[in-house]
Amino acid sequence: MCPIALEIGNLTIRWYGVMAAFAFITASYLLDKNRKFAGFTKDQCGTMLLIAMITGIIGARVFYVIQFFQYFRNDLIRVFYIHQGGLVFYGGFLLALASIIVYTRQKRLDTIRVLDVFAPAMAAAHGFGRIGCFLNGCCFGRATDTFWGVTAPAGSLLHMQTGGLPVHPVQLVEAAENFILCILYCFMLKKGAKRGVVTGAYLLIYGILRCFNETLRGDNVLYFHLTPAQWIGVLLIPAGAGMVYYFWRKDEKAA
């Protein structure tokens with residue numbers, strides 16, 4: 001709702017960038033704190049975080065541009081204005097996931113266990129990213145007359161897009177969900193969750209929550225009655241449930 005954090009002369013610092021910095025710092029801390037559960041080194045931790053961050057931003061931007069290409073076709077240079085927002089989480093998630101899988105295989109690390117450790121870091125980073133979305137005015141909710149509706153400042157782009165009506169603060173809802181999930185996954189790791197269970201829980205729970213959150217969104221188009229994020233969520237739910245069941249049973253049998 002307030003995209004500019006600070007202006008000093010020609011220097012403009014946007015809240016979206018500030019939240020991205022918080023996301024990186026928090027993810028870095030959580031990965032370093034939990035890396036012992038997957039047995040990778042501090043150097044490998046930093047390398048994987050950098051790889052995930054770069055590929056995540058690229059994937060998220062590519063998915064956003066594809067989804068909303070009509071806004072870019074007449075001014076392609078805007079594709080590179082990432083500092084103004086416009087990232088699709090699932091795009092970043094999928095490309096970052098692929099890059100981490102490739103890296104862990106090259107380094108002969110336990111890919112599944114590494115993904116377990118990435119789960120709380122990913123959730124925390126996503127939470128800060130959603131706060132950035134709220135402050136930037138993107139990924140906004142649909143109109144609502146409930147007590148928690150928020151109204152964009154007069155004259156802002158979001159105010160024009162929403163007609164000045166109160167909208168669901170869906171970005172803050174998702175931020176809160178992700179922070180809670182971060183705590184849950186850290187707790188699961190600390191309590192010795194079986195290999196693959198944390199990753200499966202991440203896919204399952206986030207898939208369910210995202211399908212619900214999309215019903216509050218006001219900026220997405222529907223494809224066969226569902227948004228693109230809901231379609232992906234529909235795939236993640238059985239995938240996550242299958243992972244939890246498989247790895248829980250697999251370790252039980254091994255024991």
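Hi everyone. Let me start with a definition: a disulfide here is a pair of cysteine sulfur atoms within 2.5 Å. With that in mind, I'd like to walk you through this protein, and please remember that the model is predicted.

Cysteine 45 is not in a disulfide, and the nearest cysteine sulfur belongs to cysteine 186, 13 Å away. Cysteine 45 is also buried, at a relative accessible area of 4%. Cysteine 186 has no disulfide either; for this residue the nearest cysteine sulfur is that of cysteine 182, at 4.4 Å. Because the cut-off is 2.5 Å, that pair doesn't count as a disulfide. Is cysteine 186 buried or exposed? Buried, with a relative accessible area of 19%.

Now for the fold. The protein has two strands and eight helices, and starting at the N terminus the order is β-β-α-α-α-α-α-α-α-α. Its radius of gyration is 19 Å, close to the 18 Å from the globule rule for 255 residues, so the protein is as compact as a globular protein of that length. Along the principal axes, the C-alpha atoms fill a box of roughly 60 × 40 × 35 Å.

Among contacts with a separation of 6 or more, 71% come from residues 24 or more positions apart.

Methods:
Residues are numbered from 1 along each chain as its sequence is written. This is a predicted model: local features need pLDDT of at least 70, side-chain atom pairs count only at pLDDT 80 or more; totals for chains, interfaces and linings use all residues. Side-chain values use heavy atoms; hydrogens and water are left out. Buried means under 20% relative accessible area, exposed over 50%, partly exposed in between (1.4 Å probe, protein chains only). Helices (H or I, at least four residues) and strands (E, at least two) are DSSP runs, numbered from the N terminus. The radius of gyration is taken over C-alpha atoms; the globule rule is 2.2 Å times the number of residues to the power 0.38. Contact means heavy atoms within 4.5 Å.
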